[in-house]
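Let's take a walk through this protein, one contact at a time. Have the sequence and the 3D view ready, and look up each residue as it comes along.

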Amino acid sequence: MENLSLISLCVLLGLTSRWAVSFHSYSGAGKPPMFGDYEAQRHWQEVTYNLPVHEWYFNTTNNDLNYWGLDYPPLTAYHSLVCAYVAKLLNPEWVELYASRGYESHSHKLFMRATVLFTDILIYIPAVLLYCFYFCDGSSKQKVATALCILLYPGLILIDYGHFQYNSVSLGLALWGIVGLGLGWDLFGSLAFTLALNYKQMELYHSLPFFCYLLGKCIKQGLTGRGFFNLAKISLTVLVTFALCWMPFLSDPKQPLQVLHRLFPVDRGLFEDKVANTWCSLNVLIKIKTLLSRETQLFLSFALTLLFNLPSSLKLLSKPTLWQFKLALVNSSLAFFLFSFQVHEKSILLAALPVCLVINEIPLIAIWFLLTSTFSMLPLLVKDGLLLPYVVTSLAFLFLSLYLLSALERSTEEALRLGFYHQLTQHWLPKLNLSRIIKWKFWFSLAAMAAVSFISVWLEPPAKFPDLFPVLVSILSFLHFLGFVIYFNLVQLMEPQRKKSQKKTN
């Protein structure tokens with residue numbers, strides 16, 4: 001009964017924070033002609049409801065792809081269609097072809113927010129609770145505290161309920177995949193992740209760890225016996241799931257090719273806006289887009305993404321444990337975010353999910369990363385009128401997570417996994433207190449992010465440098481992410497398997 005009460009309280013606080021943010025502004029509100037991501041989601045409902053499937057991804061008389069054309073996989077389109085049927089029942093004007101463009105009303109805003117909340121309750125929140133209660137060490141209260149901190153992560157709340165998207169669907173499905181693999185349900189885990197990949201193509205950020213974990217597990221079982229049959233069953237599950245998701249588009253070869261063209265729009269360039277990755281930060285000094293051809297940019301981004309994924313993937317392949325899997329997910333998603341082609345600010349949420357999964361083991365570092373990831377999206381949040389929710393949710397997450405997880409107390413060199421750094425420094429600086437240095441860096445980092453947030457809002461940039469503050473946010477965040485990817489790679493590559501509870505789980 002006590003556990004049930006704690007779970008109920010955890011879910012209630014998570015839902016309350018989400019609904020509170022939903023009453024603020026959203027992307028592109030009252031800003032014609034394109035409006036914003038809110039209108040994109042509404043427009044996809046309009047398109048999928050009124051047009052036949054074979055026109056969804058094509059530029060036609062009734063479907064102008066320059067006006068928020070569908071650029072996500074089929075499962076997103078099917079989700080839009082389901083929402084459209086409900087919208088049609090409530091108010092046909094919401095999905096009326098042409099006439100509904102830029103539709104804005106209080107009732108429609110309430111409906112759209114409710115659809116996000118419904119998918120959260122249906123997919124994301126149960127996956128978080130199941131993960132915490134099955135795979136987090138400690139008492140029931142500690143598990144509830146971990147779940148609450150994950151549910152209160154401000155980045156996902158602000159983007160899904162403020163900016164307006166359905167990231168909790170793809171992230172929730174990916175988390176169900178992680179839970180499935182952790183429980184030994186490899187077919188279920190493969191199915192769930194394949195659905196995530198068919199909802200948002202950015203789930204490719206997590207694909208290499210899923211592949212290496214499953215392949216490594218099959219190799220351990222023996223590829224001439226049980227491992228081979230498991231690999232065959234997993235492959236069949238993935239292929240059948242893909243076939244079912246893409247079935248309406250397989251009658252004509254032009255259809256899947258056009259969908260793929262929409263999913264991977266290389267014509268948009270190496271990056272857009274001021275994203276906190278390598279290319280945007282480097283572009284401040286070297287104009288990469290001008291100096292390098294599109295083909296060279298593609299090759300360079302692919303090569304560096306693969307190179308930074310390789311050590312983590314090989315380690316996971318040789319040691320397919322749940323702990324290694326979670327660290328590989330962090331490292332893979334960060335490598336994709338920092339080096340891949342056509343990255344958006346919101347893509348950092350893909351790295352934030354696996355970091356949430358290690359928040360119970362490495363609380364201070366995880367909290368630090370999650371706050372940085374939210375800060376990295378500041379220009380987007382300010383543009384959408386979400387400054388107050390950004391400040392409130394970030395402060396609430398900071399103080400609650402530090403308190404509930406005892407993050408500052410659990411920051412010894414051993415708890416922070418600093419053994420490798422200690423070995424490097426003990427000969428020359430034997431009395432160096434790495435734990436204290438990390439704490440000081442943590443507080444200094446928060447002060448720097450707070451200062452940049454303040455000046456971004458309250459000061460006018462110089463006329464010669466109108467993008468000065470977004471660039472500062474981008475570069476400061478990039479430097480953090482670069483440090484994090486080095487840290488997490490070293491933890492994964494250098495640290496031995498740590499706890500017997502994880503051996504038991506695997």
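Tyrosine 38 is found in helix α2; helices here are DSSP runs of H or I with at least four residues, strands are E runs of at least two, and both are numbered from the N terminus. At 2% relative accessibility, tyrosine 38 counts as buried, where buried means under 20% relative accessible area, exposed means over 50%, and partly exposed is in between (1.4 Å probe, protein chains only). The C-alpha atoms of tyrosine 38 and glycine 162 are separated by 9.2 Å, though the two residues are 124 apart along the chain.

A quick word on what you're looking at: this is a predicted model, where local features need pLDDT of at least 70 and side-chain atom pairs count only at pLDDT 80 or more, while totals for chains, interfaces and linings use all residues. Residues are numbered from 1 along each chain as its sequence is written, and side-chain values use heavy atoms, with hydrogens and water left out.

**Salt bridges**

- Side chains of opposite charge can pair when their charged atoms come close.
- A search of the whole structure turns up 6 salt bridges, each being a side-chain nitrogen of Lys or Arg within 4 Å of a carboxyl oxygen of Asp or Glu.
- One of them joins aspartate 37 to lysine 346, with the closest N and O atoms 3.1 Å apart.
- That pair links distant parts of the chain: aspartate 37 is in helix α2 (residues 37-50), and lysine 346 is in the loop between α15 (322-339) and α16 (348-357), 309 residues apart.
- Aspartate 37 counts as buried because its relative accessibility is 12%, and lysine 346 counts as buried at 15%.
- Aspartate 467 and lysine 274 also meet in a salt bridge, at 3.6 Å from N to O.
- Aspartate 467 lies in the loop between α21 (434-458) and α22 (468-494), and lysine 274 in the loop between α11 (254-263) and α12 (278-282), so this pair ties together parts that are 193 residues apart in sequence.
- Are these two partners buried or partly exposed? Aspartate 467 is partly exposed, with a relative accessible area of 39%, and lysine 274 is partly exposed at 27%.
- Glutamate 361 and lysine 326 form a salt bridge at 3.2 Å, N to O.
- Glutamate 361 sits in the loop between α16 and α17 (363-375) and lysine 326 in helix α15, so the bridge ties together parts that are 35 residues apart in sequence.
- Both glutamate 361 and lysine 326 are buried.
- Salt bridges with shared partners join Glu39, Arg42 and Glu46 into one network.

**Aromatic rings**

- There are 27 aromatic pairs, counted when rings of Phe, Tyr and Trp (its six-membered ring) have centres within 6.5 Å; planes under 30 degrees apart count as stacked, over 60 as edge-to-face and the rest as tilted.
- Tyrosine 205 and phenylalanine 336 are stacked, because their ring centres are 5.1 Å apart and their planes are at 20 degrees.
- Tyrosine 205 lies in the loop between α8 (186-197) and α9 (207-221) and phenylalanine 336 in helix α15, so the pair ties together parts that are 131 residues apart in sequence.
- Tyrosine 205 is buried at 6% relative accessibility, and phenylalanine 336 is buried at 16%.
- Phenylalanine 369 and phenylalanine 481 make a tilted pair, because their ring centres are 5.6 Å apart and their planes are at 50 degrees.
- Phenylalanine 369 is in helix α17 and phenylalanine 481 in helix α22, so the pair ties together parts that are 112 residues apart in sequence.
- Phenylalanine 369 is buried with a relative accessible area of 0%, and phenylalanine 481 is buried at 0% too.
- One aromatic cluster is formed by Phe337, Trp368, Phe369, Phe442, Trp443, Phe481 and Phe484.

**Helix α17**

- 13 of the 13 residues of α17 are buried, so this helix is largely enclosed by the rest of the structure.

**Positive phi angles**

- Phenylalanine 164 is not a glycine, yet its phi is positive, near 90 degrees.
- Phenylalanine 164 is in helix α6 (residues 154-164) and is buried at 0% relative accessibility.
- Glutamine 342 has a positive phi of about 60 degrees and is not a glycine either.
- Glutamine 342 lies in the loop between α15 and α16 and is buried, with a relative accessible area of 12%.
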